[in-house]
Amino acid sequence: MPDDIAMATNGVNRDYDEPTVQAVADYIREAVQETEKALLDEGKRTPVERWVDLVDSKKWLSSALLDAKFISPLRDASLGAQSRGFGRFISSLAFLISSVLRGFGQVVFQDNPWTGVFVCVAGGIPHWPTAIMGILGCTITTVFPLLVQPPETRALVASGLYGFNGVLLGWGYSTFDNNIQQADTFASGIIALLRALPALLFLGILTGILHVVISRSFTKATRIPPLTWPYNIALLMWMACATLSTNYDTLFTNAATPRAVAGDYTVAWFFEAWLRGVSQVVFSPDLWSGVVLLIGILFGSPYSVFLTAYGALIGLLTGMGIGLDFRGMLDSGLVCYNPVLVALSLGGFYVAPSFKGFILMTFGCMLSVIAFQGVVNLLVLPNGGPALTAPFCITVTILFGAMSWDFIDGLPVLFPRQLTCTERHWALKSRTQRAIRVVRELESGSDMNTLVSSDVVRDLGRAVSMKVQELLPVSSMRRSSEDGYAETLLSKAGLHHWHHHMVTYGEEGKDHGDYSLQKVAAIAEYAAKYELLRTVFLRCCEFGSECSLMDSVLVGLNAADGFPASLKEQ
């Protein structure tokens with residue numbers, strides 16, 4: 001707290017003067033901020049919070065790691081609105097490139113353009129036309145909502161949340177299209193891409209429409225995100241049509257259900273199948289795709305690298321445990337990519353990391369293997385079509401729904417606007433839980449005087465009151481002007497909740513000689529403590545459905561007449 005505020009008075013004359021009021025207001029604001037830090041953060045931050053703060057504090061780190069915060073101006077929803085001509089074109093192009101790259105990053109739940117670069121490269125390692133199809137698909141599903149959706153949608157588009165389904169659409173189309181896969185020269189590859197472009201444009205628009213429909217109907221009602229349902233629906237619908245077409249025939253045909261074939265499990269085979277399972281996230285059987293993908297994920301979230309490897313491991317072990325086909329499922333890594341997506345989504349993206357969440361995520365990885373085999377038996381083998389990420393969607397929809405509807409207690413689900421990366425979610429959860437502990441400590445009573453019994457909060461009020469009575473000029477203050485004086489002081493301090501105490505102050509101060517001074521000091525004390533408690537309470541509700549942990553606190557507060565109503569509402 002500042003010690004040189006007394007210099008602002010500078011003389012015997014204590015009549016009203018602007019510097020003195022401003023100095024006192026600055027003191028109050030800094031006192032509240034320092035008390036909040038001491039109450040909630042000082043010496044209590046977790047290693048994850050320190051890592052996030054370190055990245056944000058270093059320009060070179062924040063330009064590359066986590067969500068590449070330093071280059072976030074490229075994501076600004078109003079980007080390009082103020083510029084004209086060539087400058088606006090450059091700004092719009094930068095916005096588009098950033099959004100497309102973040103769309104690639106969102107394939108592995110990372111809002112980071114550098115992760116997107118690695119994901120794009122990983123997808124193109126086995127066959128370069130696949131990378132081009134991914135870029136085209138992501139561009140289509142990124143631009144389409146910008147043309148037809150309201151301006152508010154730009155923030156979601158900028159984070160890549162519309163683009164990742166387009167990436168998967170392009171990769172999936174390329175993987176299961178005969179013409180593209182059989183292109184062995186550059187010229188034949190270009191011809192195959194041009195031939196596929198009309199269908200990809202149509203399917204990209206359809207995917208964008210499905211994303212909006214699912215978001216505004218199903219997600220709005222259940223809080224279950226669209227996931228990759230749009231791309232699954234669009235591509236499977238197209239492949240069902242293309243199998244009867246002479247222009248767009250696919251690699252899949254009807255086939256009899258084969259018997260599962262066993263194989264020899266060796267250490268070398270195990271690690272290759274494990275890494276190949278990571279590669280299959282980007283539709284690639286090449287081991288180097290998995291390596292490049294893991295490096296890219298490291299930029300966005302170090303913890304997600306562990307989740308990726310863990311999901312692939314659980315998928316492989318589960319497949320081995322139930323005896324899936326050695327060549328068709330295990331050796332190819334096909335049994336692993338859905339568990340990887342489940343681990344990334346439920347391990348810290350949609351749900352903050354926790355021990356209970358980790359157990360549920362492990363169960364989800366195992367469930368996705370069962371779901372994968374079910375989809376293969378019901379859809380792929382009898383009808384000729386890929387499983388895609390339908391098993392992942394089925395698994396996460398079931399488990400996410402259970403969490404959203406409080407069937408599984410204690411697993412807070414993030415709001416869509418909060419989705420960034422696992423480390424930030426972890427840090428946000430820690431901040432929220434500390435605030436909840438503080439409120440519960442103050443929950444011993446619902447009256448305002450009881451709630452401020454904490455030494456830290458009480459000391460803040462006493463310090464503010466003493467500073468006001470020590471420094472403020474009151475010799476010419478009239479009772480009729482004290483309310484306006486207090487309003488001016490607290491407005492300068494950024495505190496706008498003082499009127500509650502002015503209503504309840506009543507006749508208490510009229511027996512004192514300096515009624516005006518004491519009332520202004522009491523209002524300042526109340527407002528400072530009120531702002532501190534308001535900040536703590538709002539932090540309790542910061543982390544998605546974590547605010548459900550506040551139910552017991554809210555019950556007590558709602559029954560209290562002495563506690564400010566606006567604090568409960570906010």
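User: Which residues form the nonpolar patch on the surface?
Analyst: In this predicted model, the patch consists of Trp128, Ile132, Ile135, Phe186, Ile190, Leu194 and Leu197, with about 620 Å² of accessible area together. Patches are made of residues with over 30% relative accessible area and no salt bridge, nonpolar side chains (Val, Leu, Ile, Met, Phe, Trp, Tyr) being joined within 5 Å and like charges within 9 Å. A salt bridge is a side-chain nitrogen of Lys or Arg within 4 Å of a carboxyl oxygen of Asp or Glu. Accessible areas come from the Shrake-Rupley method with a 1.4 Å probe, and for residues only the protein chains shown count as cover.

User: Which helices supply at least two residues each?
Analyst: Those are α6 (128–148) and α10 (186–222), and α10 gives the largest share, four residues. Helices (H or I, at least four residues) and strands (E, at least two) are DSSP runs, numbered from the N terminus.

User: And Ile190, how does it count by relative accessibility?
Analyst: Ile190, in helix α10, counts as partly exposed because its relative accessibility is 32%. Buried means under 20% relative accessible area, exposed over 50%, and partly exposed in between (1.4 Å probe, protein chains only).

User: Changing topic: is Asn165 buried or exposed?
Analyst: Asn165 lies in helix α8 (residues 163–175) and has 1% relative accessibility, so Asn165 counts as buried.

User: What does its side chain reach?
Analyst: The side chain of Asn165 reaches the backbone oxygen of Leu227 at 3.2 Å. Beyond neighbours within four places in sequence, Asn165 is in contact (heavy atoms within 4.5 Å) with residues including Thr207, His211, Leu227 and Trp229.

User: How many aromatic pairs are there?
Analyst: The count comes to 19 aromatic pairs. Rings of Phe, Tyr and Trp (its six-membered ring) pair if their centres lie within 6.5 Å; planes under 30 degrees apart count as stacked, over 60 as edge-to-face and the rest as tilted. The pair of Tyr303 and Trp426 is edge-to-face because the ring centres are 5.2 Å apart and the planes stand at 65 degrees. This pair links distant parts of the chain, with Tyr303 in helix α14 (residues 302–322) and Trp426 in helix α19 (residues 422–441), 123 residues apart.

User: Which residues do ring pairs link into a cluster?
Analyst: They are Phe109, Phe349, Tyr350, Phe392 and Phe400.

User: What conventions apply?
Analyst: Residues are numbered from 1 along each chain as its sequence is written. Local features need pLDDT of at least 70, side-chain atom pairs count only at pLDDT 80 or more, totals for chains, interfaces and linings use all residues, and side-chain values use heavy atoms, with hydrogens and water left out.

Conventions
A polar contact is a pair of N or O atoms within 3.5 Å; within protein, one must be able to donate a hydrogen and the other to accept it, and residues adjacent in sequence count only if both atoms are side-chain atoms.
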